[in-house]
Amino acid sequence: MISSLMMGVFMFGRVIRRIFITAFCFGAAGLLCLSGCSVSDTDNARGEALDYTVVESADVPVELAKLIEEKKGSTLRLTFTTKDYTYIVAGYGTMETSGYSIRVNDVYLADSVICADFTLIGPAASESVTETKTTPYIVVKIEKRDESIIFKL
């Protein structure tokens with residue numbers, strides 16, 4: 001009788017331990033999932049916004065204008081630095097019609113690199129376009145920086 005009672009206590013103890021271990025594992029897994037979500041939210045956060053100016057063609061430095069003219073037929077990802085400024089040039093190559101433009105979505109510093117995010121905007125459905133090849137590009141100027149630049153086109 002005592003041995004069956006001891007066996008029952010032993011079995012009951014094993015069941016309790018299994019329940020405790022299972023609950024602990026599910027709790028730990030839940031905490032890991034929650035912490036994973038917060039890490040990915042942090043990874044998606046933008047860094048420090050940088051002030052920039054969209055530069056008109058007439059104000060582009062002569063040397064940079066020559067480089068743009070040579071390369072604007074293909075996708076452009078150029079940087080050009082003067083004594084005071086860093087110029088960021090983005091282009092999407094030759095388009096078959098008119099009506100295209102480029103929008104600056106954001107220029108920001110993240111993880112010791114400058115991210116320059118651009119989008120090509122096509123002609124609106126209601127816009128009349130001509131069958132003339134165009135080469136849209138945009139030049140953005142920021143204060144001179146030493147960080148590398150990553151383009152998001």
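Which residue of β7 stands opposite Tyr87? In the predicted model examined here, that position is taken by Lys141. Residues are numbered from 1 along each chain as its sequence is written, and side-chain values use heavy atoms, with hydrogens and water left out.

The protein chain contains two helices and eight strands, where helices (H or I, at least four residues) and strands (E, at least two) are DSSP runs numbered from the N terminus. Along the sequence these elements follow the pattern α-β-β-α-β-β-β-β-β-β. Of the 153 residues in the protein chain, 25% are buried; buried denotes under 20% relative accessible area, exposed over 50%, and partly exposed the range in between, with a 1.4 Å probe and protein chains only. Among contacts in the protein chain with a separation of 6 or more, 71% involve residues 24 or more positions apart, a contact being heavy atoms within 4.5 Å.

Four strands form an open sheet with antiparallel pairing, in the order β2-β7-β4-β3; two strands are taken to pair if DSSP finds at least two bridges between them.

The covered face of β3 carries Leu76, Leu78 and Phe80, while Thr75, Arg77, Thr79 and Thr81 lie on the uncovered face.

Two aromatic pairs are present in the structure, the criterion for Phe, Tyr and Trp (its six-membered ring) being ring centres within 6.5 Å; planes under 30 degrees apart count as stacked, over 60 as edge-to-face and the rest as tilted. The ring centres of Phe80 and Tyr87 are 6.4 Å apart and the planes meet at 55°, so this pair is tilted. For Tyr85 and Tyr87, the centres are 6.4 Å apart and the planes stand at 65°, so the arrangement is edge-to-face. Phe80, Tyr85 and Tyr87 thus belong to one aromatic cluster. Phe80 and Tyr87 are both buried, with a relative accessible area of 6% for Tyr87, whereas Tyr85 is partly exposed at 32%. Lys141 places its charged end over the ring of Tyr85, 4.3 Å from the ring centre; this assignment requires NZ of Lys or CZ of Arg within 6 Å of the ring centre and within 35 degrees of the ring normal.

In soluble globular proteins, nonpolar side chains tend to be buried together. A nonpolar core is defined here as a set of buried Ala, Val, Leu, Ile, Met, Phe, Trp, Tyr and Cys residues joined through side-chain atoms within 4.5 Å. The largest such core has 17 residues, and those with the most contacts inside it are Ile88, Val107, Ile114, Phe118, Ile138 and Val140. Two or more residues of this core come from each of β4, β5, β6, β7 and β8 (148-152), with β5 giving the most, four residues. Leaving aside residues up to four places away in sequence, Ile138 touches Val54, Ile88, Val89, Ala90, Ile102, Val104 and Phe118. A second, separate core of ten residues includes Val55, Val60, Leu64 and Phe80.

The loop between β5 (101-110) and β6 (113-121) contains Asp111, and Ser112 lies in the loop between β5 and β6 as well. Asp111 has a positive phi of about 50° although it is not a glycine, and the phi of Ser112, also a residue other than glycine, is positive and near 65°. Asp111 is exposed at 77% relative accessibility, and Ser112 is exposed with a relative accessible area of 61%.

Key
Predicted model: local features only at pLDDT ≥ 70, side-chain atom pairs only at ≥ 80, totals over all residues.
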